[in-house]
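The exercises below concern the interface of a predicted model. Each task is followed by a solution in steps.

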2 protein chains.
Amino acid sequence: MVLSTVTKYGKKILEIVSSSHSHMTAEEIFDVLRQTYPTVVLATVYNNLNRLWQDDLIRKVSVEGMPDRYDRIQRHDHLVCKQCGRLLDIDLGDLTKQLEKKAGLSILSYDLKLTYLCEDCKKKIERNGA
Amino acid sequence: MVLSTVTKYGKKILEIVSSSHSHMTAEEIFDVLRQTYPTVVLATVYNNLNRLWQDDLIRKVSVEGMPDRYDRIQRHDHLVCKQCGRLLDIDLGDLTKQLEKKAGLSILSYDLKLTYLCEDCKKKIERNGA
DNA sequence: AATAAAATTAGAATGATTCTAAAAAATAAT
DNA sequence: ATTATTTTTTAGAATCATTCTAATTTTATT
């Protein structure tokens, strides 16, 4: 029971997630996958996403109150707007060594999410008075 | 519509969350709150948690596949076991300035989660062979 | 005291995700 | 290649967390 073999669907799902920079939900991935395999079922998407995640081939990003999103594995960080929840990529460089040193243990990965107010929300708040 | 007034329930919920180091779920908070107010309802807990979170009086921590957890606001980071999902506190110091500088924008807060394998899971994996 | 605004309640509704059991497909073993 | 075993997929029900709705109660304001 080593690394699971990548199946037909798994392979395609991995492609979809890896090539997207938009943090897709299972539902969105499902919609894209259907274009190639019209008979596929949502549970299969979840099965594969979980398998790929277990095997460290994709990342899972949870933003409070939203469905989980799936992301390419390539190291990068995230910027979340506190107001509207909009999620953006940002790269603050690899902090693994620095963090491991501080933590005094070895880590598999880390997840860094900066919360801010996006320009749109900042404007809206100004309009309505803070 | 400034900072919402803290209500009877809100006050107690804030106390519960702030004094706990165990990242409680809404359900768990509900159970504790009931000891004081036996007639309170789960929706009220959610209402207040959301209000407190909006007002930056508590934190919300999402770990994939688990119900949201609520946490004291006091700055600290988290350690999550990839295998069992166990969540621990860890303090790696305040990186706000460093991150703002790198990101080139001002942030409200940040959320840093280290993924690792806890001792128990490491042992289990060794036993079953990786 | 009367009015307005906000919070709470009860319970239904929603939505994301998992589960179950059966069928199909892939892999390994004879 | 045939059979047996394991893994994946399917369909749909089930679950669980969370939100929503509308009515009621509480709190604050005039």
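**Exercise 1.** State the extent of the interface between chain A and chain B, and find which residues of chain A lose the most area.

Solution. Begin with contacts: 33 residues of chain A touch 33 residues of chain B. Next comes area: the two chains bury about 2900 Å² between them, with 59% of it on carbon and sulfur atoms. On the side of chain A, the most area is lost by Glu64(A), Lys82(A) and Leu108(A), which together make up 21% of what that side buries.

**Exercise 2.** Count the salt bridges and polar contacts between the chains, then describe the side of chain A that touches chain B.

Solution. There are four salt bridges between chain A and chain B. One of them joins the side chains of Lys82(A) and Asp56(B), at 2.8 Å from N to O; the cut-off is 4 Å. Polar contacts across the interface number 13 residue pairs, both residues being at pLDDT 80 or more. In chain A, the elements that give two or more residues to this side are helix H3 (42-54), helix H4 (96-103) and strand E6 (109-116). E6(A) gives the most, with eight residues. By class, the side has 18 nonpolar, seven polar and eight charged residues.

Key:
Residues numbered from 1 in each chain as written. Chains lettered and ligands numbered in written order. Predicted model: local features only at pLDDT ≥ 70, side-chain atom pairs only at ≥ 80, totals over all residues. Heavy atoms only, no water. Contact = heavy atoms within 4.5 Å. Buried area = accessible area lost by both parts, 1.4 Å probe. Polar contact = N/O pair within 3.5 Å; in protein donor to acceptor, adjacent residues only side chain to side chain. Helix = DSSP H or I, 4+ residues; strand = E, 2+ residues; numbered from the N terminus. Nonpolar A, V, L, I, M, F, W, Y, C, P; charged D, E, K, R; others polar.
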